[in-house]
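Please read the following report alongside the sequence and the coordinates.

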Amino acid sequence: MNSLVGRFKRPQDEPSENVYNEENPRRSTRQRTSTSFRSDFVTFLLENKPQTFKEAMASLDSSFWKEAVNSEIDSILSNHTWELVDISLGNKPLGSKWIFKRKMKTDDIIDKYKARLVVKGFKQKEGLNYFETYSLVTRITSIRILIILATIYDLQIHQMDVKTAFLNRELEEEIYMERPEGFVVPEKENKTCIARSTMEFEFIALDKADEEAEWLRNFLKDIPYWPKPVAPVCLHCDSQAAIGRAGSMMYNEKQLDLYSIKELPESHAWGSSLDDHPPCDSRNVESIPVIDLNDEKFVMDKIGHACKTWGAFQIRNHNISQRLLNDMESAAKKLFSLPMQQKLKAARSPDGIGGYGVARISSFFSKLMWSEGFTIFGSPVEHASQLWPHDYNEFCDVIAEYENEMEKLAGRLMCLMLGSLGITKDDVKWAVGPTGGCSALQLNSYPACPDPDRAMGLAAHTDSTILTILHQNNTSGLQVFKEGNGWVLVPPIRGALVVNVGDLLHILSNGLYPSVLHRAVVNRTRHRLSVAYLYGPPSGVKVSPLSKLVDQTNPPMYRPVTWSEYLGTKAKHFDKALSSVRLCVPRIGFANSKDQSGVQVG
Ligand SMILES: O=C(O)CCC(=O)C(=O)O
Ligand SMILES: [Fe+2]
């Protein structure tokens, strides 16, 4: 509860001072039922949030409100919700208003300051600005289907009251709004109005459609005889801006501050889907092989065997110093310990690769993951300087050194992995030389979780790389899936690194080395960190099954793809990405189980 700042008694039969008095407001003509309050009826005004822009700017919290206003303006401009334009002749702008709100944590401490810009839509006139209004109703056909299903399966029908925003369709007209106070864009100071785009509405419609789809899937899941797993629902949206906004954390607030949450929110409760393949007891079950890279005589064979049977292995004696691994871990820790507001300054943009955000695969799941990530692709300077404006060199230096060392190691591993298939450097020309590969660095953070058995750190996936080299801190969580064994823990070994076969090596090897399905689970007391070095081919190079591995009896199983093409395919088809670039059915013996239906999406 906020502090009590106002208290007034409302005189009977007298309009309150607070009653809205703009000219010609649009009012309902519905007959109102009269309400009689006793004479001692008292209203308490419990929120002391500013009512106007001026009030906000004059308040003690003005610097926070300014930041909130700027953040709203930034997002409005970057998403083209409103644009500063000259008003076209004959158009009259609507008014605008800033709405200020403090979001409180459960313990009444201010969590964040929010400013929202709203248009005074009530000034629109019926017959001129709009013709029809709608109210949300359920189609009678939907109700009939529900009743039929309930009858067939002997279910009980329970009716709930759900309040939702409603939109009938896209906005086709242009709407002009007076430039709000504080909305200053350099070189556009003289523009007085802002034209409204339809993006906001499209986004809300998309959001609602998503809710409906989730409801329907959950409903079907609850029907015992309905075939499982229930197929994912595809939503088609032709508005890039709305899709962009759906992926932007600035708006959808998907990025909760996991460090301060005391109870697992419903949005993060995966429940039974975690029990699909219960993890094996690590004491009884062998995990992925641990291979000593100094073991020159057998190293190639051991790697070949591990790639074929597990798709993953750990390596020792890899020449990456413990000092560098520690520095990298500390850099990741420093980043994830920043306040959420600060981390969001380096948020990944909707169409970007680098920056801070939720796991990219999140969009394929109805539940959110208990993790946060930071991707570095190319120079980290821009994002690092947003995080630490005066002190970003240290972070960037560690990243540069780590990437440099990892690149050498990745090249060496690639030679060993391909060498175990009888492939030499001459067979893969692009892998030789200074531009041997392209890479990205993925830092992952899994805060301690109040209910780890029902939460998911990072959902099951394969990497879209040739190979991934992973450093994990001394908290376990990584699991790999092995046919017949289920989920197997990959225990952290001090100084050892995990190597995963990625989808592109799966393609290069024509399916002989299947990419490994893996996931990360979370922990009740410990904060887990991991750093994944994602290694792929140079940009523009098409990866296809190596000619030495292809003959008449073993035709190429995958069509050629560049790394970026494949990433696009993965972003669209996720666990079906490999099959979507497949040319023919895999030979019996090394069918990739997850490529068929292993991963459950949503
Ligand atoms: O945190 C881990 O152990 C797994 C990370 C991972 O799979 C990834 O970043 O792709
Ligand atoms: Fe991964």
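What follows describes a predicted model, taking the sheet, the ligand shell, a hairpin and a helix in turn.

**The sheet and its helices**

Eight strands form an open sheet in the order 8-9-17-14-19-12-11-10, and their pairing is mixed. Strand 8 (290–292) and strand 10 (355–357) stand at the edges with a single partner strand each, so one side of each is left without a neighbour in the sheet. From one strand to the next, the twist averages 25 degrees. Within this sheet, strand 14 (residues 467–472) pairs with strand 19 (residues 528–536) in the antiparallel sense over six bridges, and Leu 470 stands opposite Ala 532 of strand 19.

Helix 7 (residues 299–309) packs on the sheet, where it touches strand 8, strand 9 (312–316) and strand 17 (497–501), and its direction makes about 160 degrees with that of strand 8. Helix 11 (residues 393–419) lies across strand 9, strand 11 (372–376), strand 12 (438–446), strand 14, strand 17 and strand 19, and runs at about 130 degrees to strand 14.

**The shell around ligand 1**

| Residue | Distance to an oxygen atom of ligand 1 |
|---|---|
| Asn 444 | 3.0 Å |
| Asp 463 | 3.3 Å |
| His 518 | 3.0 Å |

Taken alone, ligand 1 exposes 300 Å², of which the protein buries 94%.

**A hairpin and a helix end**

Strand 15 (residues 478–482) and strand 16 (residues 486–489) run antiparallel and are joined by four bridges, with Phe 481 standing opposite Trp 487 of strand 16. Three residues lie between the strands of this hairpin, in which Gly 484 takes a positive phi near 90 degrees.

How far apart are the end C-alpha atoms of helix 3 (residues 140–152)? They are 18 Å apart, which agrees with expectation because, at 1.5 Å a residue, the 13 residues of this helix should span 18 Å; the expected span is taken as 1.5 Å times one less than the number of residues. Just after helix 3, Asp 154 takes a positive phi of about 55 degrees.

Key:
Residues are numbered from 1 along each chain as its sequence is written. Chains are lettered from A and ligands numbered from 1 in the order in which they are written. This is a predicted model: local features need pLDDT of at least 70, side-chain atom pairs count only at pLDDT 80 or more; totals for chains, interfaces and linings use all residues. Side-chain values use heavy atoms; hydrogens and water are left out. Helices (H or I, at least four residues) and strands (E, at least two) are DSSP runs, numbered from the N terminus. Two strands pair if DSSP finds at least two bridges between them. Axes are lines fitted to C-alpha atoms, for helices over the stretch in contact, and angles run from 0 to 180 degrees between N-to-C directions. Contact means heavy atoms within 4.5 Å. A polar contact is a pair of N or O atoms within 3.5 Å; within protein, one must be able to donate a hydrogen and the other to accept it, and residues adjacent in sequence count only if both atoms are side-chain atoms. Accessible areas come from the Shrake-Rupley method with a 1.4 Å probe; for residues, only the protein chains shown count as cover.
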